[in-house]
Amino acid sequence: MEIPQLKPSDRSREYDSYSDELRSEVVKGWLFDGLPHRTLDREVLGLDSAVSKGYQSMGILHFLGMKREFQGLFNGASFSEAIQHLQKDHQDFSAIIKYIDPTKKTAGNGTLESLIKTEESEIKKAQNDSSENRLKRIAAAKKNPERIRVYSYTYKRNPDIVAEALARASGKCERCKNKAPFVRASDNSPYLEVHHVKSLVNGGEDSLENVMAICPNCHREMHFGTIA
Ligand SMILES: [Zn+2]
Ligand SMILES: [Zn+2]
């Protein structure tokens with residue numbers, strides 16, 4: 001099997017902007033599925049490919065040296081077959097092998113819930129530190145945050161319940177009785193949020209009796225305030 005020449009680019013901007021997990025998915029999508037850059041941007045990186053035009057996944061792949069010649073190179077092959085071919089080659093493929101080796105599985109960030117929990121505890125830790133230390137770290141920190149992927153579970157809500165609760169509220173928060181704070185840009189309807197009094201996670205019903213159409217302030221308070 002003929003392995004093309006690696007042509008790594010110096011530009012690391014896109015590569016640096018994505019987690020190992022996402023880089024791995026881009027590399028595999030390119031080598032094994034032969035997916036176009038735009039498809040990888042959309043399906044792996046979760047971007048609007050009409051805007052990103054495939055440049056994000058292309059940047060990752062070019063940084064690793066993989067141009068067009070590598071697209072679909074291992075179509076139909078297994079990961080271990082591909083790794084064998086790459087290891088036999090005279091070029092150094094270790095940076096790429098790391099992304100297709102299933103034993104070096106790049107851990108994802110897990111669930112959205114665990115990410116939020118981690119973030120909360122990191123914020124607590126930062127709050128307990130001095131402003132001086134925080135500002136020092138901020139000065140040294142990257143300003144473009146890394147894009148990651150998380151898995152999220154939710155409930156499919158009955159649209160009739162949402163619509164009916166909004167109609168019932170008729171533009172006024174069902175908790176504080178104030179007018180909705182603004183109208184939705186999409187349809188000029190009063191902006192209220194439909195909240196489950198007993199949450200679905202805790203076994204609450206998706207029923208008219210268990211929902212309130214409330215303003216965003218009240219909604220936040222219901223979830224994060226002392227009455228929550
Ligand atoms: Zn309210
Ligand atoms: Zn809610």
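This is a predicted model: local features need pLDDT of at least 70, side-chain atom pairs count only at pLDDT 80 or more; totals for chains, interfaces and linings use all residues.

Colleague: In which element is His196 found, and which residues is it in contact with, leaving aside its neighbours within four places in sequence?

Modeller: His196 is found in strand E1, which covers residues 193–196. Leaving aside neighbours within four places in sequence, His196 is in contact with Gly204, Asn210 and Val211. As for Ser207, it is 11 residues apart from His196 in sequence, and the two are 8.6 Å apart in space, C-alpha to C-alpha.

Colleague: Is Met66 buried or exposed?

Modeller: The same cut-off applies, with 20 or more C-beta atoms needed for a buried residue; Met66 has 22 other C-beta atoms within 10 Å and is therefore buried. Met66 is found in the loop between H5 and H6, and it touches Trp30 and Leu61, not counting residues up to four places away in sequence. Met66 and Asp48, in turn, are 18 residues apart in sequence and 23 Å apart in space, C-alpha to C-alpha.

Colleague: How many residues does the largest nonpolar core have, and which of them have the most contacts inside it?

Modeller: The largest nonpolar core has 22 residues, and those with the most contacts inside it are Val26, Val27, Trp30, Leu31 and Leu61. Two or more residues each come from helix H2 (20–31), helix H5 (55–63), helix H6 (79–88) and helix H7 (94–100), and H2 gives the most, with five residues. Apart from this core lies another, of 10 residues, among them Leu192, Ala213, Ile214 and Cys218.

Colleague: Which residues does Val27 touch, not counting those up to four places away in sequence?

Modeller: With that exclusion, Val27 touches Leu64, Ile96, Tyr99 and Ile100.

Colleague: How many residues of H2 are buried, and what do they pack against?

Modeller: Nine of the 12 residues of H2 are buried, so this helix is largely enclosed by the rest of the structure. The buried residues of H2 are Leu22, Arg23, Ser24, Glu25, Val26, Val27, Gly29, Trp30 and Leu31, and they pack against helix H1 (13–16), helix H3 (37–43), H5, H6 and H7. The length of a helix can be checked as well: at 1.5 Å a residue, the 12 residues of H2 should span 16 Å, and its end C-alpha atoms are 16 Å apart, which agrees.

Colleague: What is the count of buried residues in H8?

Modeller: That count is zero among the 17 residues of H8, a helix that is hardly covered. For helix H8 (residues 112–128) the length check again agrees, because its 17 residues should span 24 Å at 1.5 Å a residue, and its end C-alpha atoms are 24 Å apart.

Colleague: Which backbone angles should I look at with some care?

Modeller: Most residues other than glycine have a negative phi. Lys53, although it is not a glycine, has a positive phi of about 55°; it lies in the loop between helix H4 (49–52) and H5, and it counts as partly exposed because it has 13 C-beta neighbours inside 10 Å. Ser170, also a residue other than glycine, has a positive phi near 40°; Ser170 lies in the loop between helix H10 (159–169) and E1, and with 11 C-beta neighbours inside 10 Å it counts as exposed.

Colleague: How many helices and strands does the chain have, and why is it more spread out than a compact globule?

Modeller: The secondary structure comes to 11 helices and two strands, following the pattern α-α-α-α-α-α-α-α-α-α-β-β-α along the sequence. The radius of gyration of the chain is 24 Å, well over the 17 Å that the globule rule gives for 228 residues, so the chain is more spread out than a compact globule. Its C-alpha atoms fill a box of roughly 70 × 50 × 35 Å along the principal axes, and buried residues make up 19% of the 228 residues.

Notes: Residues are numbered from 1 along each chain as its sequence is written. Chains are lettered from A and ligands numbered from 1 in the order in which they are written. A nonpolar core is a set of buried Ala, Val, Leu, Ile, Met, Phe, Trp, Tyr and Cys residues joined through C-beta atoms within 7 Å. Two residues are in contact if their C-beta atoms, placed from the backbone, lie within 7 Å. The radius of gyration is taken over C-alpha atoms; the globule rule is 2.2 Å times the number of residues to the power 0.38. The expected span of a helix is 1.5 Å times one less than its number of residues.
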